[in-house]
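Happy to walk through this one with you.

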Amino acid sequence: MLNRIMVLIVGLMAVLTLSSSAFAQTARQSPTVGDQKPAPAPRHDISGTWTPANGPGGAIQAGGVAAMPNDGKPEHQLPYTPYGLETYKSHKALEGKDAVAPAFFNDPRDKCEPLGFPRMNHYNLRMTQILQDEFKVALMYEYDRRYRVVWTDGRDMPKLVDGGVQLGRGWGPDSGHVREQRFYGYSVGKWVDDTTLVVETVGTMPEDRVWLDSTGRPISDQIHVTETFHRVDHDHLEWTEMINDPKIYTKPWLTMNILMVLADLHTDVMEMYCSPVEMEKYYQSYGNAVSGVDSK
Amino acid sequence: MGNRFITFFIVAVGFLILSVPMWAHHGNASYETGKVVTVKGEVTEWFWANPHCLLKFDEKADNGRVRHWVGETQAPANMIDAGWNKNSFKPGDQVTVDIRPAKTGNFGAITRVVFADGRELSAQRSNGVGTDLYKK
């Protein structure tokens, strides 16, 4: 009798073990190859390694945010507040219609400062790894190997207060406290349907620390960013971003609408970093000289 | 006549493309618009780094003097898929470099490098937004 029970227990354990490992293995599919139609989007899952659908360099956004390049065209004029325009003019960018030569920039990026958010979405946006569990989604960017965490566990969206954010329910020991501004802010996400995650972010750094894009467009710590991640099918992810920054812009506007495609599951993402040592050598060997500046 | 027209057309389109600011790190403010020169020289250093790779090489001018050049490419992440890598050059390599000159000095953006044995590295296939910058 005892032996029978033992056999039953071992058998049950084996079944449970096998079924859980089988589940884990079927949760991941490679992207579709050839002309086959991609599989449907999985429910509440945007994980994977994603690359811009129009090529690895298709979302670098050197000329300004993807949806609104800084090219001087009337349709790309931004709704600046007077302070926003003044701030823009104080920025010496290396890109865009008002670009200066390499030695005359004042872009925080060129000192290898953290890009911050949402600029992380607009500077060399390349392969982006998205990992998620039942509490959160983590976005790991190729550039500078930076990451953001988006909480999806139902916690309250933080409220902007002077110099930081007031955290509400669900923030664990930080609930109810005021917390500091951060380069990547505070992000909370909510699934609005089976395949669409809407992410809200506030609590980012002020305008003297971060820019919106490489053409010197400004943002302030009053910005509220709304991103939508819509998994169109198994292999494609639409990533849009809207900003509302009443200190800098008179109305909200769309900054990005990019289609990403799922990369091979075994893709190893290349390192792309900002090294102060290499940056200094670049300017000493080249950047200053082409700007007419003597670096000796 | 037909070939000449096609060549002219390609060059003209290339110049138009080159005039658009497309660098990932910096724009085109420092460069001669629509001009590419070819320089023969000997590699002195290859700097595989961000924000841009740098190729240093010496040109022997007609008067026997050496002219030092520094050419930049896109960042490694852009160049790797076009076949460039950390070991693409070593000091002493004889190279012919197509370069878009800067407005000052012997500097510029490299569009193509041809080695003495005929091997070629093109910046045209780099995956950056700057790709078009290298098209001729």
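Q: How many helices and strands does chain B have?
A: This is a predicted model, where local features need pLDDT of at least 70, side-chain atom pairs count only at pLDDT 80 or more, and totals for chains, interfaces and linings use all residues. Residues are numbered from 1 along each chain as its sequence is written, while chains are lettered from A and ligands numbered from 1 in the order in which they are written. Helices (H or I, at least four residues) and strands (E, at least two) are DSSP runs, numbered from the N terminus. Along the sequence the pattern of chain B reads α-β-β-β-α-β-β-β, giving two helices and six strands.

Q: What percentage of the residues of chain B count as buried?
A: A residue is buried if 20 or more other C-beta atoms lie within 10 Å of its own, exposed if 12 or fewer, and partly exposed in between, with C-beta atoms placed from the backbone. Chain B has 136 residues, and the buried share is 42%.

Q: Which strands form the closed barrel in chain A?
A: Two strands pair if DSSP finds at least two bridges between them. One pair is β3(A) with β4(A) (residues 147-151), antiparallel over five bridges, and there Ala138(A) stands opposite Val149(A) of β4(A). The barrel has nine strands with mixed pairing, in the order β1-β2-β3-β4-β8-β9-β10-β11-β12.

Q: Which strands are at the edges of the open sheet in chain A?
A: Three antiparallel strands make up this sheet, ordered β5-β6-β7. Strand β6(A) (residues 164-166) is joined to β7(A) by three bridges, and Val165(A) has Arg179(A) in β7(A) as its bridge partner. Pairing on one side only marks the edge strands, β5 (159-161) and β7 (178-180) of chain A.
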